[in-house]
Amino acid sequence: MDLQMVIVGLGGEGIIFMTRVLVEGFYRSGHPVISTETHGMAMRGGSVTSQIKIGDYQSPLIRYGEAGMLLGTSVVEAQRNRPFLREGGTLFMNTDQQGDYCVDATKIAHGLGNPRGGNLVLLGYVLAHLAPAISLEPFLEVVKGLSPERFLSGNVKALQEGWRVALKADKKRRKGKGIRRHG
Amino acid sequence: MKTKKSAGNVLLGNEAMAWGIIEGGATVVASYPGTPSSEIMGAVNGIKSEHGLTIHTEWSVNEKVAFEVALTNSYLGRRSAVMMKQVGLNVALDPLMSSAYTGVEGGFVLIAADDPGPYSSQTEQDSRYLASFAKIPVFDPSSPREAKEMVKRAFDLSEQFEIPVMVRPTTWVCHARQGVPLGRIEGGDGAPTFKKDPQRWAATPRFRYILHKELNRKVREIATKNNPEPVFTPQGAELAVIASGVPYAYAYDVIKAMGQEKRVALYKVDLPYPMGPKIDDLVQNHLQTLILEEPYSVIELQIRCREKVRGRLDLTIPSEGELTPDNVAKAIATILGQEVREIGEPPAGGRKPSLCPGCPHRAAFWALKKALPKGIYPSDIGCYTLGLNLKAVDTCLCMGASINQAAGLYQSFRQAGAEIPPIVATVGDSTFFHAGVPALINSVHQGACFVLLILDNGTVAMTGGQPTPASNGPGKRMEIEKLTEGCGVDFIRVVDPYDVPLLIQLLKEADQYAREEERGVAVIIARHPCLIYGGRDEKREEGEIIIGEECDSCGVCTKRFECPALQEGPQGTPVIVRALCVNCGVCLYVCPQVAIERR
């Protein structure tokens, strides 16, 4: 697999956790992977970016115009960071707006009784678009390994639900204009 | 830092270096936190407790202290490591320079993490310069995996030549994640032996000359064997790229993405100082050479004949700011005469960092602006530098400078016979311990008169909540009250900054004491635990914060108080973001209409 992904959001939103789940999950799936994350002053509620490269890469930074996927935990940050996307790349957003690759992960997480699980719903949603090159199992294992006991089952459900919602949306889309595969 | 469960061996660069320290067999490890180096020590402590190791680890009071404690273990024939950020090395420069002369018996590794950009520092200085200034070798890792191996190689090199060795990672090594193979944890060193040798360990200037000669010999010998490693070596390459650290990784990815491995030679430098003679041959044998390194030029300056050399010195690469895959690609394409693909960066904007909702510093800064609005506010390094957003920070120079700058302001106004404005220095607890204590002694002794507001949240918050000398430790806890008293301060008050009216009153009293009565330094300790790292706040009152009908949308709470939990709503009226609000109630004191209430 050869894929460059960028995750954008605000400090304190759990971007580092999302990055860890992805990186360790890809690593467990047998893919070489390298990533970056923001620490320090920028973490205090400021804009943060994580970058993940899967494939034969030595550096963790992604050139503008080369990311195959851009994940935004908020619409404002996602739109601002569009220059990262390559032509034909996909922007995934957690939003209540309608649109391709938009998912109201926050609402879904609330529905699952896990209001903090929005990021994992979004991750599950994104990962489903990489199937069948990857399966969800390794990522579920990572979430189990990284979650504190009291959030464990909620987090697992959130990731699974995101994956399920994406497959459902994908089916709908296939009936329309055909699907787009990634990776 | 809390040690988190790790799934597999995917490690943060800082965690990888911690494994390098442990596998390298260090027995004493010391550090002072600073981005991007902070997580190394947290990881060392995590591995230590997980594997029941007995190594001595400490968060020292500052970098000089950490350096000297660790160094001495290496005088005794044992392996030691010290970690800090690049500006921390300025604080430890004195022992660095001198220890290069004395050398070491056991391996001594200094990890100095650089912050090109900079992202979280007052300069983007290059620690490799300080390695070359001190005449010690420096490794420049390009990835987490390599950083771990280089720490171990650094121990070996240090022992072989009895010389301190630096490992210099940058942000995108420290804060990159990658699969990293783990090795065996060795048993550690034997018993310490101090071989008395005053001509070495306590050398007078005459013997220092001899030590310098010895140091020069070591550096020359290390240089002889230190040449760039070939990575891509196409026949008749018109361009040779010589790179170290993360810029090497950019070059590798970019040359491959451009499909230019058959046209461009790539050489990797592991040890940017001291460079051996072969780099000059490489330059001579190619039409053009591009040097990629950051943040400054260390390799480039060691090349004897630079006529055909491009890099940061001839501005092929901008001479400030971090290198990126984009500016590396642009430089290579330009030299090859290829079209450069220009893609605009994301527009500036985004959200700037801000103090957390309920942060006790925000309450303290608000009180400060209310009590002494015409004051000058020298400040310091930490989360509270974000008091800038409340216009309560006028200067930020380096660790501990706030107190000396307050004294400097006082001495300047006094000397000129001018009216002295209220002067209030703000400094965090850890920064006060780090470099503030000698500053306070000096201020008191020199008769400076100003207010010192110590923002005591009980932790080093900006870097992830490391302990301070006031935290529980193996020895005694320091008390800031007693420490300031010991420095000769007579006016010392302790207050919870959430009690805004009381803090305002105390600040006015302190200003009167310092300025009108000219009686010296007045200290106020604003003490409230950090909301992220300080544990549960038991004293917080019950009841939700609401905005009452009296609100006239003046914008004071949303714009000037700038609490992230108070956002401007659709009609300009403030809205409380429930997910962020911690019910601290400080905003009750902020609203001019007294419209914010507790339900």
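A salt bridge is a side-chain nitrogen of Lys or Arg within 4 Å of a carboxyl oxygen of Asp or Glu. In this predicted model, local features need pLDDT of at least 70 and side-chain atom pairs count only at pLDDT 80 or more, whereas totals for chains, interfaces and linings use all residues. Residues are numbered from 1 along each chain as its sequence is written, chains are lettered from A and ligands numbered from 1 in the order in which they are written, and side-chain values use heavy atoms, with hydrogens and water left out. Helices (H or I, at least four residues) and strands (E, at least two) are DSSP runs, numbered from the N terminus.

- Side chains of opposite charge can pair when their charged atoms come close.
- Over all chains, the rule gives a count of 41 salt bridges.
- One of them joins the side chains of B:Glu159 and B:Arg79 (2.9 Å, N to O). This pair links distant parts of the chain, 80 residues apart: B:Glu159 belongs to helix α7 (residues 144-161), and B:Arg79 to the loop between α3 (63-75) and β4 (80-85).
- Buried means under 20% relative accessible area, exposed over 50%, and partly exposed in between (1.4 Å probe, protein chains only). B:Glu159 therefore counts as partly exposed at 29%, and B:Arg79 as buried at 12%.
- B:Glu105 and B:Lys195 also meet in a salt bridge through their side chains (2.9 Å, N to O). B:Glu105 is partly exposed, with a relative accessible area of 21%, while B:Lys195 is exposed, at 53%.
- In helix α18 of chain B, B:Arg515 and B:Asp511 lie four residues apart, about one turn of the helix, and their side chains form a salt bridge (2.8 Å, N to O).
- A network of salt bridges links B:Asp114, B:Asp126, B:Arg128, B:Asp140, B:Arg168 and B:Glu293.

- Two strands pair if DSSP finds at least two bridges between them. Five strands of chain B form an open sheet with mixed pairing, in the order β9-β11-β10-β12-β13.
- Strands β9 (229-232) and β13 (309-310) stand at the edges, each with a single partner strand, so one side of each has no neighbour in the sheet.
- Strands β10 (residues 239-244) and β11 (residues 264-269) of chain B pair in the parallel sense over six bridges, and B:Ala243 stands opposite B:Lys268.
- B:Leu292 is found in strand β12 (residues 288-292) and counts as buried, at 0% relative accessibility.
- Contact means heavy atoms within 4.5 Å. Not counting residues up to four places away in sequence, B:Leu292 touches several residues, including B:Val241, B:Ile242 and B:Ala243.

**The interface of chains A and B**

- In the interface, 52 residues of chain B are in contact with 41 residues of chain A.
- Buried area is the accessible area (1.4 Å probe) that two parts lose on being put together, summed over both. For chain B and chain A it is about 4,000 Å², 56% of it on carbon and sulfur atoms.
- Across this interface the rule finds four salt bridges. The side chains of B:Asp253 and A:Lys53 meet in a salt bridge (3.0 Å, N to O).
- Among the elements that give two or more residues to the side of chain B that touches chain A are β8 (176-179) and α11 (245-257). The largest share, seven residues, comes from α11(B).
- Strand β2 (residues 33-36) of chain A runs antiparallel to β8(B), joined by three bridges. The bridge partner of A:Ser35 in β8(B) is B:Arg177.
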